[in-house]
Every structure is written in structure tokens, then in C-alpha cells.
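Please view the sequence and the structure together while reading.

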Amino acid sequence: MAGPSWLAWTFASVMIITAVYCLTRLVASWRQHRPSDRHVDAIHVLMGVAMAGMLVPRLAVFWAGGWEVVFGMGAAWFGWLAIREFRGQPTAGGRPDHHLQHVLACGAMLYMFLAAATVAKAGAGGSAMGGMAAGAAHFRTLALVLAIALFGYVVWTADRLSSLAPVAALAARSAPVPVLAGAGTGGGSSMVAANGEGDLARPGDDAQGPAGPGRRAPLSPRLAACCEIGMGVTMGYMLILML
């Protein structure tokens with residue numbers, strides 16, 4: 001990747017921070033049984049590490065060709081989830097557009113790695129036509145289309161950021177509802193928690209569905225959206241460098 005080194009390090013640092021945060025989301029979701037799009041958090045971890053390595057080569061942690069396989073599989077996975085949503089089969093993401101945006105991101109990552117590999121092979125060949133062949137091989141028009149699509153997705157996500165419920169509101173909706181138990185039985189009154197279906201909520205209860213009384217509050221959807229915004233901007237910047 002060309003461009004100012006300070007800017008590359010800035011974007012790489014943002015990607016590392018994002019990857020670490022998404023990793024903590026995965027751990028918290030597993031340890032605390034809190035709802036989260038785990039497959040999205042996982043792909044964000046991989047994207048953050050991969051983009052940091054592309055921006056600053058010394059941060060690269062994967063073998064040549066490995067990332068292409070990862071993001072090819074990621075595009076296929078999210079594409080399958082989107083198809084299921086269009087067919088009316090609910091998935092963890094809940095909306096087809098939620099999955100399609102990750103198909104776009106995985107496709108952009110796959111394109112960048114394939115284009116970078118093509119340029120590297122052309123340069124290593126040492127032919128006089130290497131530069132021209134590399135420029136033609138990585139389809140500059142496709143890079144521009146992907147960059148525009150990613151920036152459009154960033155604007156759309158930022159626009160709907162305020163409509164996402166803050167985690168405090170989700171936690172309030174997930175709090176146990178106290179009800180009186182034992183009244184009129186002569187045994188005195190006690191407070192117990194009831195979930196939204198009228199069943200008693202026990203300390204270990206959890207669910208992966210939407211927040212509700214007696215359920216664990218999901219991890220912050222606003223911070224997850226901020227991660228997607230940061231990654232979209234970084235991908236768009238990297239694609240512009242490849243024009």
C-alpha cells in the first residue's frame with residue numbers, strides 16, 4: 001500500500017483497536033451469555049488484523065494466500081445467510097441488508113488481496129510490461145466501484161446510528177420484573193423475577209433472542225456499528241490507493 005506512512009499507521013492502529021474490541025465482544029458474549037452477532041464480530045477481528053497487515057507490512061501475521069481463502073469463505077457464508085433471510089428463514093443478523101453489507105466487505109477484502117498478489121508477481125517477474133500488466137490485472141474500475149459502495153454504506157450506517165438503542169436502554173428492558181409471590185397463601189410475601197412469558201427467571205437464565213424481561217442485555221449495537229463505519233472508511237481508503 002502506498003500513501004503517507006503516518007496515515008497508514010493511523011489506520012492500522014484503528015484496525016488493531018477495532019479487532020481487539022470485537023475479540024472482547026466475542027469473549028463477553030460467550031462468558032456472560034449476552035446476545036451478539038458472533039459471526040460478525042469474528043469477521044471483524046479477521047478484517048482488522050488483515051487490513052493492519054496490508055497497511056503496515058511488518059504487522060502481517062498470515063501466510064501468502066491464506067487471507068484470500070478466509071474472505072472467500074466469508075463472502076460465501078454471508079451470502080448464504082442473506083439468501084436464507086430473503087427466503088424468510090430467520091438468521092442471527094435478522095436482515096438481508098445486514099448480511100449483504102458483509103458480503104460487500106468480504107468481497108472488497110478478497111479483491112485487495114488478489115490485486116496485491118497480482119502486482120507482487122508482476123513486479124517479481126521483472127518484465128518491461130510488468131507495471132502495465134499489473135495495472136490491467138487488478139481492474140481499477142472494480143476498485144472504484146467497491147470504494148463508492150463502501151463509502152455509501154458508511155454514510156447509511158452513520159445515518160441510522162442514532163436509531164440504534166443504547167445499551168443502557170437495552171439493559172433496562174432486560175431487567176427482571178419483580179412480582180409478588182405467595183400472597184394470600186399464609187406464607188408471607190416474597191419478591192421473585194418473572195420473564196416476559198410469565199415464567200420465573202433464575203440467576204443463570206439467558207437467551208440469544210431480542211432483549212426482554214429476564215433476558216441478558218445484548219452487547220452495544222452502536223459500538224458494533226461504529227466498528228463497521230471505521231472498517232468501511234479504512235477499506236475505502238485502501239481501495240482508492242489501488243486506483
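## Helices that line the cavity

In this predicted model, at least two residues of the lining of the largest cavity come from each of helix H2 (38–55), helix H4 (96–125), helix H6 (140–159) and helix H8 (221–241). Among these contributors, H8 gives the most, with four residues.

The lining is made up of His44, Met47, Gln101, His102, Ala105, Leu150, Tyr153, Glu228, Met231, Gly232 and Met235; sorted by class, six of these residues are nonpolar, four are polar and one is charged. The space in the largest cavity amounts to about 90 Å³, and a search of the whole structure finds one cavity of 30 Å³ or more.

## Packing of H6 against H8

Two packed helices are described by the angle between their axes and by the distance between those axes. For H6 and H8 the angle is about 155° and the axes lie 9 Å apart; because angles over 145 degrees count as roughly antiparallel, H6 and H8 are therefore roughly antiparallel to each other. The crossing in which H6 passes H8 is left-handed.

On the H6 side, the contact comprises Ala143, Leu146, Ala147, Leu150, Phe151, Tyr153, Val154, Thr157 and Ala158, which meet Ala225, Glu228, Ile229, Gly232, Val233, Met235, Gly236, Tyr237, Leu239 and Ile240 of H8. By class, this contact of H6 with H8 has 15 nonpolar, three polar and one charged residues. Leu150, Tyr153, Glu228, Gly232 and Met235 take part in this contact and are also among the residues that line the largest cavity.

## Packing of H1 against H8

H8 also packs with helix H1 (residues 5–32), at an angle of about 150° and with the axes 10 Å apart; H1 and H8 are therefore roughly antiparallel to each other, and their crossing is left-handed.

From H1, the residues in contact are Leu7, Phe11, Met15, Thr18, Tyr21, Cys22 and Arg25, while H8 supplies Leu223, Ala224, Cys227, Gly230, Met231, Val233, Thr234 and Tyr237. The contact of H1 with H8 has 11 nonpolar, three polar and one charged residues by class. Met231, which belongs to the H8 side of this contact, is also one of the lining residues of the largest cavity.

## Packing of H1 against H2

The axes of H1 and H2 come within 8 Å and cross at roughly 155°, which makes H1 roughly antiparallel to H2; here, too, the crossing is left-handed.

In this contact, Ala8, Phe11, Ala12, Met15, Ile16, Ala19, Cys22, Leu23, Arg25, Leu26, Ser29 and Trp30 of H1 meet Arg38, Asp41, Ala42, His44, Val45, Gly48, Val49, Met51, Ala52 and Leu55 of H2. By class, the contact of H1 with H2 has 16 nonpolar, three polar and three charged residues. His44 of H2 takes part in this contact with H1 and is one of the residues lining the largest cavity.

How values were computed
Residues are numbered from 1 along each chain as its sequence is written. This is a predicted model: local features need pLDDT of at least 70, side-chain atom pairs count only at pLDDT 80 or more; totals for chains, interfaces and linings use all residues. Side-chain values use heavy atoms; hydrogens and water are left out. On a 1 Å grid over the protein atoms alone, a cavity is a set of points where a 1.4 Å probe fits but cannot get out, and a pocket is an open set with protein on both sides within 12 Å along at least five of seven lines; lining residues have an atom within 4 Å of a point. Grid points are joined across faces, edges and corners, and a volume is the space filled by probe spheres set on the points. Ala, Val, Leu, Ile, Met, Phe, Trp, Tyr, Cys and Pro count as nonpolar, Asp, Glu, Lys and Arg as charged, and the others, Gly among them, as polar. Axes are lines fitted to C-alpha atoms, for helices over the stretch in contact, and angles run from 0 to 180 degrees between N-to-C directions. Angles under 35 degrees count as roughly parallel, over 145 as roughly antiparallel, 65 to 115 as roughly perpendicular and the rest as oblique. A crossing is left-handed if the near helix is turned anticlockwise from the far one by less than a right angle, and right-handed if clockwise. Contact means heavy atoms within 4.5 Å.
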